[in-house]
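Please examine the sequence and the model before reading on.

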Amino acid sequence: MREGQSTTEYLLILAAFASMVGALGLLWRAASGGTLLSLATAAASHAAPDGWLGALKDAAGF
């Protein structure tokens with residue numbers, strides 16, 4: 001094992017964990033403010049008139 005390699009690995013794990021916590025925080029904020037629900041409702045309502053093809057397009061774009 002090279003010197004400093006373990007420090008880099010620990011920093012990579014720490015950065016991944018911090019990114020995950022940040023993403024969950026943003027998701028929590030969007031869910032509590034109602035933004036997430038409005039986006040999901042808008043995506044579901046767009047797929048209704050277009051049938052299955054519209055639903056697949058919305059799922060792929062979401």
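Helices (H or I, at least four residues) and strands (E, at least two) are DSSP runs, numbered from the N terminus. The model is predicted, so local features need pLDDT of at least 70 and side-chain atom pairs count only at pLDDT 80 or more, while totals for chains, interfaces and linings use all residues. Residues are numbered from 1 along each chain as its sequence is written, and side-chain values use heavy atoms, with hydrogens and water left out.

Q: How many helices and strands are in the protein?
A: Helix H1 covers residues 5–33, and helix H2 covers residues 35–61. The count for the protein is 2 helices and 0 strands.

Q: Which residue just after H1 takes a positive phi?
A: Helix H1 has 29 residues. Just after H1, a positive phi of about 90° is taken by Gly34.

Q: Is Val21 buried, partly exposed or exposed?
A: Buried means under 20% relative accessible area, exposed over 50%, and partly exposed in between (1.4 Å probe, protein chains only). Val21 lies in helix H1. Because its relative accessible area is 42%, Val21 is partly exposed.

Q: Is Ala44 buried or exposed?
A: Ala44 lies in helix H2. Its relative accessibility is 51%, and therefore Ala44 counts as exposed.

Q: What distance separates the C-alpha atoms of Ala44 and Ala59?
A: Ala44 belongs to helix H2. Ala44 and Ala59 are 15 residues apart along the chain, and their C-alpha atoms are separated by 9.2 Å.

Q: What percentage of the residues of the protein count as buried?
A: The protein has 62 residues. The share that counts as buried is 3%.

Terms used. Expected span 1.5 Å × (residues − 1).
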